[in-house]
Amino acid sequence: MNHFDFDEIIERRHTNSLKYDFARERGYPEDVLPFWVADMDFRAPQAVRDAIRRRTEHGIFGYSRPKEDYYRALEQWLSTRHGWNPGKESLVMTPGVVFALSMAVRAFTAPNDTILITEPVYYPFFSVVEGNERKLVTSTLLFEDGAYRMDFADIEQKIREHKVKLLILCSPHNPVGRVWRREELERLAAICLAHDVLVVADEIHADFVRPGHKHTPFASLSPETAARTITCTAPSKTFNLAGLQLSNIFITEKSLRHTFRKEVYSTGYDEPNIFGLLAAQAAYSEGGAWLDALLAYLEQNIAHTKRFLAERLPKVQLVEPEGTYLLWLDFRAYGLEAKALDRKIIDEARLWLDDGAIFGKSGAGFQRINIACPQATLTKGLEALARAFE
């Protein structure tokens with residue numbers, strides 16, 4: 001029987017870790033405890049480490065490309081976990097999902113074309129639109145009775161009024177933790193198809209879905225939807241492999257795939273990182289038991305956080321998560337402006353969370369916390385938060 005020790009506290013400082021080693025460079029005190037970036041404090045599965053170790057011992061790191069074993073492992077994972085098989089021919093590799101989002105923006109729109117996102121949302125969505133000189137239109141998610149939902153009427157109105165060419169979908173949603181139901185996605189797809197809007201679906205958190213919920217790949221809704229969708233996936237969140245720079249982008253429609261690949265090649269990117277390839281193949285082939293154990297551990301961390309907040313910080317409302325390992329906390333009952341709230345958490349709690357305002361205007365008064373860490377670390381952070389607000 002496999003045993004995975006997610007309680008082990010692993011020293012990550014002095015490893016060039018963006019999460020732990022760059023507080024001062026980012027304007028934070030050096031002694032802050034970080035719960036910000038979506039980077040887990042757990043070692044990758046043993047199979048991943050073994051595959052990298054074997055390749056390292058070989059000692060030659062020339063140009064590499066995936067073989068059939070890679071495609072089979074990826075296909076098996078997507079089919080087993082998500083009931084979806086987009087096909088080997090639809091795959092384009094990139095060094096990251098944010099890179100792929102930018103490539104899609106550049107490939108399928110022109111400067112001054114309009115792109116729609118729903119906010120609050122993962123903040124690089126804003127930069128890949130505006131940084132590429134496209135017009136940004138946002139639709140604010142409706143927050144009612146402690147839960148978020150898409151405002152379909154507003155989405156369709158803005159698509160029509162602003163002649164939107166492309167919509168970036170976050171599914172499961174970061175930071176609010178929604179796992180969109182099939183009927184919600186079907187309604188969005190119908191709107192986008194009716195107005196000829198291309199959808200770029202960031203599904204990087206697809207493997208983090210809580211019991212009672214199910215991730216539906218947007219492209220799996222129908223052949224018509226698949227033909228107008230660019231699906232962005234990666235092993236980086238699932239298996240904590242972000243530093244290995246590999247993402248799997250699926251585009252079933254041939255002409256769209258050709259256009260996207262041409263844009264990627266224009267950057268000079270071609271062969272993927274050999275360690276990223278090996279890690280992804282090992283993870284998708286042998287990492288299932290590790291992920292299942294991790295999901296069970298994260299459930300304990302969510303339950304622990306809920307109990308703690310109820311007992312020590314009852315004014316902080318946890319938005320019930322359906323997916324991801326990122327919790328969305330509502331601090332608005334304290335009546336603090338976003339900057340004052342952030343400074344209190346940094347200066348008094350000595351914690352580094354993500355200020356909700358960076359995810360969009362409607363995120364002001366919220367904070368995002370990463371709970372993918374040993375429970376002892378999580379407890380230390382929660383205790384510090386309570387001392388600052390009690």
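The legends below describe an overall view and several close-up views of one predicted protein model.

**Basis of the views.** The model is predicted, and local features need pLDDT of at least 70, side-chain atom pairs count only at pLDDT 80 or more, and totals for chains, interfaces and linings use all residues. Residues are numbered from 1 along each chain as its sequence is written, and side-chain values use heavy atoms, with hydrogens and water left out.

**View 1. The whole protein chain.** The secondary structure of the chain comes to 14 helices and 15 strands (DSSP runs numbered from the N terminus, with H or I of at least four residues for helices and E of at least two for strands). Its radius of gyration is 21 Å, close to the 21 Å that the globule rule gives for 390 residues, so the chain is as compact as a globular protein of that length; the radius is taken over C-alpha atoms, and the rule is 2.2 Å times the number of residues to the power 0.38. Of the 390 residues, 56% count as buried, where buried means under 20% relative accessible area, exposed over 50% and partly exposed in between, with a 1.4 Å probe and protein chains only.

**View 2. The annotated span, residues 33-385.** An unreviewed UniProt entry carries the annotation "domain: Aminotransferase class I/classII large" for residues 33-385; such annotations may be inferred rather than shown by experiment, and positions follow the numbering used here, with feature names shortened. The span is 43% helix and 18% strand, and its end C-alpha atoms lie 11 Å apart.

**View 3. Helix H13 and its packing partners.** In helix H13 (residues 338-347), the buried residues are Ala338, Leu341, Asp342, Lys344, Ile345 and Ile346. These residues pack against strands S13 (351-352), S14 (354-355) and S15 (366-370), and also against helix H14 (375-389), a contact being heavy atoms within 4.5 Å.

**View 4. Thr118 in strand S3.** Thr118 lies in strand S3 (residues 114-119) and counts as buried because its relative accessibility is 8%. When residues up to four places away in sequence are not counted, Thr118 touches Ser139, Leu141, Ile155 and His173.

**View 5. Asn132 in a loop.** Asn132 is placed in the loop between helix H5 (124-130) and strand S4 (135-140), and with a relative accessible area of 14% Asn132 is buried. Leaving aside neighbours within four places in sequence, Asn132 is in contact with Ser102, Val105, Arg106 and Ser127. The C-alpha atoms of Asn132 and Ile191, 59 residues apart along the chain, are separated by 25 Å.
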